[in-house]
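Good morning, and thank you for coming. Please look at the sequence and the model on the screen while I take you through a few of the details.

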Amino acid sequence: MNPNCARCGKIVYPTEKVNCLDKFWHKACFHCETCKMTLNMKNYKGYEKKPYCNAHYPKQSFTMVADTPENLRLKQQSELQSQVRYKEEFEKNKGKGFSVVADTPELQRIKKTQDQISNIKYHEEFEKSRMGPSGGEGMEPERRDSQESSSYRRPPEQQQPHHIPTSAPVYQQPQQQPVAQSYGGYKEPAAPVSIQRSAPGGGGKRYRAVYDYSAADEDEVSFQDGDTIINVQQIDDGWMYGTVERTGDTGMLPANYVEAI
């Protein structure tokens, strides 16, 4: 039995039959779907079981995904999860005023360098505040904290008295026994100590110690937090002269370690 033509639907006889694209065609019916140009087995191109010429062959492109109920549900779920995570991060970082940065080795090195610079600058400012105003003849040398000076003390002959107004009365300090200084196994003979200290007159103010202080020089006094300092006279911006009421010792004391009462 002869088949029907896929184009016109009429019977195709063997002498004019073309078998292509799983269908049977008349030779005249086997033409391009777009321009109707007659094709043969050598120059046709099939697309969706239809013949096309080379010029009108359909261009293949990506197809869009249909918005099926399942795809819509997945899309909505993803958006909800994204919003929940965003809110969690927002609440966690709320009020911090900065974004979370990974603690990398480079950031740790920079942070350590900044801390060192900050500590150096703090110590410089602290030493300047203790030294008082610069300039002037007879100004005291840079002081060190008592903990730093515990390992090394200047020889007595290198010590200088504090700067005290010349109008204050002068009294002679009693002679003290020389003390030999030791530096890493070598003992240096101590020079005789004969230092004159000037002290302001009595009738000064009363102060209370707010920190513990250990005397770093021989003309200073040691005191503890809470001790009362009597007969206090202002020497300069950084130092005072007074008597510790608890021990009876008289000498220089730092002004930023006491407060008026």
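Predicted model: local features only at pLDDT ≥ 70, side-chain atom pairs only at ≥ 80, totals over all residues.

Let me begin with a definition. A disulfide is a covalent bond between the sulfur atoms of two cysteines.

How many disulfides does the structure hold? The search returns zero. Consider C5, whose closest cysteine sulfur belongs to C8. The two sulfurs are 3.8 Å apart, and the cut-off is 2.5 Å, so they are too far from each other for a bond.

I now turn to the aromatic rings. Across the whole structure there are eight aromatic pairs. One of them joins Y47 and Y52 in an edge-to-face arrangement, with 6.5 Å between the ring centres and 70° between the planes. Y47 also pairs edge-to-face with Y57, at 5.9 Å centre to centre and with planes at 85°.

Where do Y47 and Y57 sit along the chain? Y47 belongs to strand β3, residues 45–47, while Y57 is in the loop between β4 (50–52) and α1 (69–92). The pair therefore ties together parts that are ten residues apart in sequence.

Are these three tyrosines buried or exposed? Y52 is buried, with a relative accessible area of 12%. The cut-off for buried is under 20%, so Y47, at 25%, counts as partly exposed, and so does Y57, at 24%. The ring of Y57 has a further neighbour: K45 lies over its face, 5.5 Å from the ring centre. Elsewhere, Y211, Y213, F223 and Y257 form one aromatic cluster.

My last topic is D227. This residue lies in the loop between β9 (205–209) and β10 (228–234). D227 has a relative accessible area of 8%, and it is therefore classed as buried. What does its side chain contact? The side chain of D227 makes a polar contact with the side chain of R246, at 2.9 Å. Leaving aside residues up to four places away in sequence, D227 touches Y207, R208, A209, V244 and R246.

Thank you for your attention.

How values were computed:
Residues numbered from 1 in each chain as written. Heavy atoms only, no water. Helix = DSSP H or I, 4+ residues; strand = E, 2+ residues; numbered from the N terminus. Buried < 20%, exposed > 50% of the residue type's maximum accessible area, 1.4 Å probe, protein only. Polar contact = N/O pair within 3.5 Å; in protein donor to acceptor, adjacent residues only side chain to side chain. Contact = heavy atoms within 4.5 Å. Phe/Tyr/Trp six-rings, centres within 6.5 Å; stacked < 30°, edge-to-face > 60°. Lys NZ or Arg CZ within 6 Å of the ring centre and 35° of its normal.
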